[in-house]
Amino acid sequence: MPTRNVVTWNAVITGYTSQREKAKQCAFDGLMLFREMLIDVCGEKPNDTIMVCVLSAISQLGMLEIGVCIHGYIEMTTSTPENNMFIGTRLVDMYSKCRCLDNAYAIFVQMNVKNVLTWTTMATGLAIHGREKESFEILDAMMTSGVKPNAVTFTRLFSACCHSGLVEEGLHLFNNMRGSYGVEPQIQHYGCVVDLLGRAGHLGEAYELIRGMPVKPDAILWRSLLSACQVHGDFVLGEKIAKILLALAVDLEDSVGEDYMALSNVYSFAERWEDVEMVRKEIKVKRVETKTGASFVHGIGN
């Protein structure tokens, strides 16, 4: 393009910094594009939207030194974080992910307006770095301020508890999210708590949690617990869960094969070699059935 305006730069930088596949490489490329924008002969200046994208990229990369420079650039050229909720929230996120929680908190308290994402970002940052008491204080202050936490708030907090091994804190939060915060637990919240319990070796408790869910558990939940059973060597419960997965499976080519392999692995760890052989024979039968069915359908189509 012979000329580029701020909209052009915004489009391409946003495209790079929002990628999920190869996220870190794309984030780095987005930063390089931002650098090109600053020295471009067209002389376009970045707007708030571009700065939010740049801060997001820095958060993904954990590049504190560059983040500090960008923070200074923002305050000199665009707007101060306390007056821009979106930039302020991204700065809180960036400093939290770079382990500079004091900087994150200083920006957080200076912000004149905070939305649910701002509060969630600060609470999650504290929790994931082991400052869970302060994290729950932020959550309570959020309610006092009139901003209600949502499903995303709890998903992030539960993930932080998993990351830090905060079993009691995570369970306390889960048990109070409906009564104290007015948020109905959804299947992703159950998944986080099952993961939390499974990592800590509380397999029976995780199993009972899944069995007591008000909604039907999906295969992802059961596979998470099955993986924990294999890690902690509970082959009795692992066998039970693998058989539940086989009963739930619908797609013969993908999920059934995966679940049969999981059951085979359970038997292998338990050194039940006859059962391993039995399962492997069953896998071969299913594969033949699947191929035969596919050939039959293909034949009808022709």
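Student: Let's start with H5 and H7. How do their axes cross?

Tutor: The axes of helix H5 (residues 85-97) and helix H7 (residues 116-128) come within 9 Å and cross at roughly 10 degrees. An axis here is a line fitted to C-alpha atoms, for helices over the stretch in contact, and angles run from 0 to 180 degrees between N-to-C directions. That makes H5 and H7 roughly parallel to each other. For the wording, angles under 35 degrees count as roughly parallel, over 145 as roughly antiparallel, 65 to 115 as roughly perpendicular and the rest as oblique.

Student: Which residues of H5 and H7 meet?

Tutor: From H5 you have Met85, Thr89, Val92, Asp93 and Ser96, and they meet Leu117, Thr118, Thr121, Met122 and Gly125 in H7. Contact means heavy atoms within 4.5 Å. By class, the residues of this contact between H5 and H7 divide into 4 nonpolar, 5 polar and 1 charged. Ala, Val, Leu, Ile, Met, Phe, Trp, Tyr, Cys and Pro count as nonpolar, Asp, Glu, Lys and Arg as charged, and the others, Gly among them, as polar.

Student: Before I go on, what kind of model is this, and how are residues numbered?

Tutor: It's a predicted model, where local features need pLDDT of at least 70, side-chain atom pairs count only at pLDDT 80 or more, and totals for chains, interfaces and linings use all residues. Residues are numbered from 1 along each chain as its sequence is written, and side-chain values use heavy atoms, with hydrogens and water left out.

Student: Okay, big picture. How many helices and strands are in the chain?

Tutor: The chain has 16 helices and 0 strands. Both are DSSP runs numbered from the N terminus: helices are H or I with at least four residues, strands are E with at least two.

Student: And what share of the residues counts as buried?

Tutor: Of the 302 residues in the chain, 41% count as buried. Buried means under 20% relative accessible area, exposed means over 50%, and partly exposed is in between (1.4 Å probe, protein chains only). The accessible surface of the chain comes to about 16,300 Å², and 55% of that belongs to carbon and sulfur atoms. Those areas come from the Shrake-Rupley method with a 1.4 Å probe; for residues, only the protein chains shown count as cover.

Student: What about the loop between H1 and H2? Where does Lys22 sit, and is Lys22 buried or exposed?

Tutor: Lys22 lies in that loop between H1 and H2, and with a relative accessible area of 70% Lys22 is exposed. Its phi is positive, about 50 degrees, although Lys22 is not a glycine.

Student: Which other residue has a positive phi of about 65 degrees?

Tutor: That's Arg99, again not a glycine. Arg99 lies in the loop between H5 and helix H6 (101-110), and at 67% relative accessibility Arg99 counts as exposed.

Student: Now H13 and H14. How do they pack?

Tutor: Helix H13 (residues 219-232) and helix H14 (residues 235-248) pack at about 155 degrees, with their axes 9 Å apart. So H13 and H14 are roughly antiparallel to each other. Residues in the contact include Trp222 and Leu226 of H13 and Ile241 and Leu245 of H14. The contact of H13 with H14 divides into 11 nonpolar, 1 polar and 1 charged.

Student: Last one: what does Thr153 touch?

Tutor: Thr153 is found in helix H9, and Thr153 is buried, with a relative accessible area of 0%. Leaving aside neighbours within four places in sequence, Thr153 is in contact with Val116, Thr120, Leu139 and Met142. Val152 is also in helix H9 (residues 151-164), and at 45% relative accessibility Val152 counts as partly exposed.
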